[in-house]
Amino acid sequence: MIQQIDYFVIAPPLVLALAAGLVLLLDAFLPARPRTRGVLGLVTLAGVLVSLGFVVAQAAGGGTPRSTFCVPPSLADPATVQCSFVADRFTLVFAGMVLVAAVVVVLLSMAELAGGGIPVGEWYFLLLCTFVGAVTLPASRDLIMLVVALELVSLPVFALTALKRYDGRSSEAAVKLFVVSVVSTAVMLFGVSLLYGIAGTVFLSRLGAVFSGQVQAPGVALVQGELPAVGTVGVVLVVAGFAFKIAAVPFHSWAADVYQGAPVPVAALLSVISKAAGFAGLILVLVAALSGQAATWVPIIAVLAALTMTAGNLLALRQRSAVRLLAWSSVAQSGYILAPLAVTVTADGATAIGASMAYLVIYAAMNLGAFAVVMLVSKTTTRNELDDYRGLVFRRPAAGLALAFCLICLAGLPPGLAGLFAKVFVFRELVEGGSGWLALVMAVNTVIGLYYYAVWTARLFASAPEPGPVPEPAPRRTSPATLPAIGIAVAVAVLFSVAPQLVLDVTALSAFG
Amino acid sequence: MMGWLLVALLAVPLLGALLLLLAPHALRPHLRAYGLVLSGVTLALAVLLVAAFDYGQAARPQFEIDLPWIAGLGLRFHLGVDGISLPLVALTALLTFLCFVYLCWGRARAGEQLMGARPRALVFTLLVLEVGMIGTFLALDLLLFFVFFEVVLIPMYFLIGIWGGEGRRAASVKFILYTLLGSVVMLLGLLLVWAQTGTLDIEALAAAHGAGMARSVQILAFVAIGVGLAVKTPMWPLHTWLPDAHTEAPTVGSVLLAGVLLKMGTYGFARIAVPILPEGAAAVAPWLGALAVVGIVYGALACLAQRDLKRMIAYSSVGHIGFVLLGFATLTPVGINGALFANVAHGLITGLLFFLAGAVKDRYHTADMPSLGGGMLATLPRLGSVLTFASIASLGLPGLAGFWGEMLALFGAFQPANVLPRPLFLTYMVIGGLGAVLTAAYFLVMLSRVTHGRPRRPARPAERVLQVVGGPSPGGGALDTPDAGVPDGDAHDSPDERPVAPLDAGDRPGEIGGRLVEVGDRPGEIRRQPGHIGRQRDDLGDQPEDIRTHELLAWTPLVVLILLFGLWPGLLLSLTTPAVQILLGGAS
């Protein structure tokens with residue numbers, strides 16, 4: 001039979017995929033001149049923007065969520081709708097956030113590639129592939145598509161990390177990322193197969209019905225809503241697989257080395273887009289498919305969140321390299337994002353997910369801002385350590401103030417109100433949901449986190465160091481693309497500071513589908 | 001309604017600070033005037049507020065403005081001012097303005113140096129600080145209160161961390177971590193209240209007097225909020241950030257820290273903790289009172305042991321705040337009135353004391369009391385007199401502002417609220433009274449060391465060092481020769497005597513090393529690099545100046561207000577009494 005495909009619904013990933021192909025063709029047929037680099041960057045940017053346009057158009061269309069790749073009604077169980085690709089608000093929020101972050105990452109890439117030494121066509125192709133995966137993932141509503149989309153996010157990133165050829169650190173980072181990612185995929189696939197074995201379906205909605213006891217499971221009978229042990233193992237394995245992607249403890253150790261070894265735009269990509277994709281998948285699986293089994297995974301997530309934020313913050317305390325510090329701090333921030341998921345005890349844990357998403361959206365803006373400035377500084381210094389930021393405010397006032405703002409935002413203090421409110425959202429869910437201990441752990445962590453953010457911020461304002469015996473390397477020409485990247489990220493962070501309601505409006509979703 | 005007035009109070013400094021950020025170069029030549037004018041306008045608005053306030057209805061929040069801000073959080077931009085917050089708003093505007101007067105008017109050395117090192121950043125920081133301080137006192141929404149409470153952290157961190165003394169980095173980090181820990185715990189308490197009652201409106205919550213919250217919840221929330229406020233206040237076991245922050249902060253930083261920032265904590269007790277959580281307050285009050293009296297006695301004893309003038313004043317704050325907390329702990333109108341009065345009086349007096357300590361440090365390059373040598377009344381009669389005045393005001397001489405608040409707080413402890421155990425509070429009262437005696441003791445000791453006695457300070461530290469360094473030309477042995485001019489060798493017995501690095505001694509690592517080279521272990525063997533001596537020598541020709549014009553301008557209003565509130569306490573009490581009665585409506 002012929003399946004009807006709603007091309008408007010799948011337009012955002014489709015456009016990105018077409019742009020990816022176009023970039024490869026252009027790279028092959030355009031003469032290899034420096035100008036070509038810029039052209040390819042602009043084509044990529046245009047692709048991302050058009051895709052973003054489709055997302056906005058879908059959001060503006062409103063109404064009922066549109067879906068495609070559905071099981072035809074004649075074959076489906078009438079009790080549940082079974083679609084593989086759904087563009088509801090959850091999808092649109094994640095897709096929109098990913099694409100805006102993608103714009104920043106592409107701009108940063110243009111600056112990174114301006115130096116030469118990295119094959120341009122391949123870079124943009126891989127970048128666009130990642131975006132395709134990241135946009136598809138939140139729309140996926142079956143396990144197979146979820147895994148495929150997640151792999152589409154992960155696989156190109158190894159190659160991107162390794163594209164800085166003849167760089168030992170970079171290759172090491174790529175290998176680490178590859179090994180960790182493959183292991184996590186294997187673990188997750190095992191978990192997925194167990195879940196499929198129990199429920200006999202890959203559709204999340206159907207899984208949800210089975211695990212909440214509404215529909216009889218064909219594989220294993222639920223005894224009074226209790227999962228058999230094999231089901232618990234499946235849940236744990238799936239959670240572990242996603243925990244790798246979001247660098248949650250105990251699967252966090254790859255973060256710092258990979259972030260440091262990878263080119264800065266890839267580090268930004270990992271810390272925002274790849275992480276957002278991981279969270280989207282985690283939320284989908286936990287809330288859409290496994291909400292009936294919350295009793296199994298809520299304690300796991302709570303402990304994971306507490307450990308993640310604590311370990312991330314403690315490791316960040318001792319870092320001297322800017323990128324490593326951001327790496328560990330982003331691990332800690334993952335913990336804050338995870339925390340509200342741990343209070344999603346009931347099936348209508350919509351507000352708690354809203355808090356997670358709100359935090360993620362705000363985090364994306366402020367973290368990208370920080371990475372953009374780090375990118376700028378990395379062009380003029382070799383080691384990119386915290387001491388290189390001494391007096392940045394006087395040398396480059398705009399960049400220095402932007403970084404200061406982003407760091408204070410990440411720390412969650414005024415004037416960085418966005419970060420403060422993000423933390424308040426999370427705290428509110430924790431206090432309301434009765435997870436007082438997690439709130440206390442997070443409170444202490446907020447203070448630990450403040451230490452390294454404050455010390456770094458203070459360095460920005462400290463007077464510049466005496467010119468040492470080693471003359472600074474001659475500043476390479478900074479590409480003009482970095483400044484708009486900083487501008488976009490900081491403008492969004494400032495916007496969220498003044499009107500956090502925007503984030504809440506967008507992320508307040510009643511349910512999926 | 002005149003709701004715009006409150007918005008303007010916040011908007012003027014905020015927009016002023018933003019303008020400074022946007023148009024740095026246009027304003028650079030006029031920075032002094034700029035800061036002065038902006039804080040002056042804010043003060044004028046505050047005066048207008050005081051004038052337009054309806055004193056017949058001091059219990060009711062006036063000039064209210066209530067706009068939705070973040071619907072998703074139930075956060076409203078809700079401002080208002082009543083009898084409790086009005087004096088504090090006025091105090092904040094006044095102290096900030098006086099700080100600008102101190103910084104900008106004169107050509108004082110300290111002012112020069114502060115304004116010389118990054119003047120734009122300094123003005124910016126102070127203006128943002130003012131926004132946070134005033135906003136805290138105006139907010140009538142729990143989360144809005146919290147936001148403003150947090151706004152002050154970053155500016156104060158930079159104020160200490162950039163313009164502070166030698167140990168500024170550690171002090172600033174300690175300050176911000178400590179206070180953030182407190183405020184995060186407070187946030188949890190506030191959110192607990194919110195989760196239980198479903199509203200963030202302080203007015204509505206205070207009117208409900210804890211209805212809708214179980215006793216256990218109230219106790220939990222009171223402890224959480226109380227801990228947060230107590231760090232800021234600071235209450236006894238949580239005070240350890242305070243002495244360092246005060247000692248290292250520049251003069252204006254100390255003044256605002258003691259004068260206003262500490263008040264934000266005590267104000268929180270009066271505005272949030274006591275009225276919203278009456279049962280929690282009743283349960284925790286005995287503990288609060290115990291910690292308060294421990295603070296009083298501990299503060300006094302710590303003061304007796306101090307050598308550094310600034311540090312001593314900082315510890316005296318711990319003691320004074322102990323009286324304020326004791327007043328709150330009694331849960332009676334008398335006690336709370338006393339607490340609020342002591343609050344304002346402490347702001348005025350300690351603000352003045354820190355100004356004076358800054359002036360002393362500015363003149364003698366040290367605040368170490370033994371090396372100041374005494375006899376200030378003879379050498380600098382005016383400065384000595386004002387210091388004496390401020391000290392006896394602070395020790396609570398009847399007739400000055402410091403007296404009434406502490407007397408009322410102790411009086412409240414004599415007859416605490418019915419729910420509280422009276423014998424316990426009688427004990428507190430006795431211990432508090434002893435603490436008051438100790439307070440008098442340390443201030444008198446300080447005065448006898450600094451202002452009285454024969455001026456026996458022939459060699460100021462800078463001078464002595466100069467002699468030491470100047471020595472090598474006749475012979476190398478001069479390094480070890482005691483200064484001939486020192487009659488009793490007193491100058492050599494203090495290890496803390498080394499000259500304090502000037503305030504702007506940036507953190508360029510090479511520079512401090514370049515200025516001060518320790519030759520050996522003995523303090524006398526400090527030598528200065530020649531490049532720096534020239535400047536010191538300029539100062540040596542004449543005796544340190546007595547009070548300068550800008551100092552006089554900055555201090556006179558404080559002196560006048562201390563006298564005014566001392567002689568006419570009813571002025572302030574009539575303002576707070578009705579508000580306090582409303583506030584205690586549920587408890588008593």
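This is a predicted model: local features need pLDDT of at least 70, side-chain atom pairs count only at pLDDT 80 or more; totals for chains, interfaces and linings use all residues.
Chain B is assigned 26 helices and 4 strands. Of its 588 residues, 58% count as buried. Among contacts in chain B with a separation of 6 or more, 80% are between residues 24 or more positions apart.

Strands β1 (62–70) and β2 (residues 75–81) of chain B run antiparallel and are joined by 6 bridges. Within this pairing, B:Leu67 of chain B has B:Phe77 in β2(B) as its bridge partner. The two strands form a hairpin with 4 residues between them, where B:Gly74 adopts a positive phi near 70 degrees.

The loop between α3 (31–52) and β1 (62–70) of chain B contains B:Ala58. This residue is classed as buried because 21 C-beta neighbours lie inside 10 Å, the threshold for that class being 20 or more. When neighbours within four places in sequence are set aside, the contacts of B:Ala58 are B:Asp82, B:Gly83, B:Leu575, B:Pro578 and B:Ala579.

Helix α13 of chain B (residues 251–276) comprises 26 residues. From the first C-alpha to the last, α13(B) reaches 36 Å, close to the 38 Å expected at 1.5 Å a residue. An α-helix has 3.6 residues a turn, so residues three or four places apart point the same way.

The contact between the two chains draws 30 residues from chain B and 28 residues from chain A. On the side of chain B that touches chain A, the elements giving two or more residues are α7 (142–151), α8 (153–163) and α9 (168–197) of chain B. Of these, α9(B) gives the most, with 12 residues. Classified by residue type, this side of chain B has 23 nonpolar, 4 polar and 3 charged residues.

Methods. Residues are numbered from 1 along each chain as its sequence is written. Chains are lettered from A and ligands numbered from 1 in the order in which they are written. Two residues are in contact if their C-beta atoms, placed from the backbone, lie within 7 Å. Ala, Val, Leu, Ile, Met, Phe, Trp, Tyr, Cys and Pro count as nonpolar, Asp, Glu, Lys and Arg as charged, and the others, Gly among them, as polar. A residue is buried if 20 or more other C-beta atoms lie within 10 Å of its own, exposed if 12 or fewer, and partly exposed in between; C-beta atoms are placed from the backbone. Two strands pair if DSSP finds at least two bridges between them. The expected span of a helix is 1.5 Å times one less than its number of residues.
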